[in-house]
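Student: I would like to learn how to read a fold from its coordinates. Please take it feature by feature.

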Amino acid sequence: EALPEFDGMLSDAADAFTQAFFVASRNGTELHVNSAHRSAEGQASLYRDAIEKYGSAAAARQWVLPPRESAHVSGNAVDVAVPGAMWLEKNGVSFGICRRYVNEPWHFEFDSSWAVNGCPQLAPHA
């Protein structure tokens, strides 16, 4: 299976995710991207939809951040299909990739310092 392309992402983040996906594949785990880089307009639409779904901006922010705060818009986050996400949660830190939120087992972000310092504590939600 071909590795995904991480168009629009920060180059360091795209490189780290590409390497992680390659190593996972070599070790028998296929990772699948549900979402990576998003435009500000796309993120704004998701945020508006979440406000409508959850009834308030505060409730929506537990699942979707406004464009200026989203790591997807900044090019630093990937949402991974859950079966493979378990592999990435266990092994991603060596690439600087960490799960960030308790309520989103699919959401991973990149920070090169995490490969040295380990993953930060999970936040309860976005």
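Tutor: Start with strand pairing. β3 and β4 run antiparallel and are joined by 4 bridges. Two strands count as paired if DSSP finds at least two bridges between them. Helices (H or I, at least four residues) and strands (E, at least two) are DSSP runs, numbered from the N terminus.

Student: What should I know about the model itself?

Tutor: This is a predicted model, in which local features need pLDDT of at least 70 and side-chain atom pairs count only at pLDDT 80 or more, while totals for chains, interfaces and linings use all residues. Residues are numbered from 1 along each chain as its sequence is written, and side-chain values use heavy atoms, with hydrogens and water left out.

Student: What is the strand order in the sheet?

Tutor: The sheet is open, with 4 strands in the order β1-β2-β4-β3 and antiparallel pairing. β1 (33-35) and β3 (97-101) are at the edges with a single partner strand each, so one side of each has no neighbour in the sheet. On average, neighbouring strands are turned by 45° against each other, direction ignored.

Student: Which strands does α1 touch?

Tutor: Contact means heavy atoms within 4.5 Å. α1 packs on the sheet and touches β1, β2, β3 and β4; its direction makes about 125° with that of β4. Axes are lines fitted to C-alpha atoms, for helices over the stretch in contact, and angles run from 0 to 180 degrees between N-to-C directions. α5 lies across β2, β3 and β4, at about 50° to β4.

Student: How many residues does the largest nonpolar core have?

Tutor: In soluble globular proteins, nonpolar side chains tend to be buried together. A nonpolar core is a set of buried Ala, Val, Leu, Ile, Met, Phe, Trp, Tyr and Cys residues joined through side-chain atoms within 4.5 Å. Here the largest has 20 residues, and Phe17 is among those with the most contacts inside it. α1 gives the most, with 7 residues. Not counting residues up to four places away in sequence, Phe17 touches residues including Phe6, Leu88, Ile97 and Phe110.

Student: Is His72 buried or exposed?

Tutor: Buried means under 20% relative accessible area, exposed over 50%, partly exposed in between (1.4 Å probe, protein chains only). His72, in helix α4 (residues 71-74), is buried at 4%.

Student: Which side chains make polar contacts with that of His72?

Tutor: A polar contact is a pair of N or O atoms within 3.5 Å; within protein, one must be able to donate a hydrogen and the other to accept it, and residues adjacent in sequence count only if both atoms are side-chain atoms. The His72 side chain has such contacts with the side chains of Asp79 at 3.2 Å and His107 at 3.3 Å.
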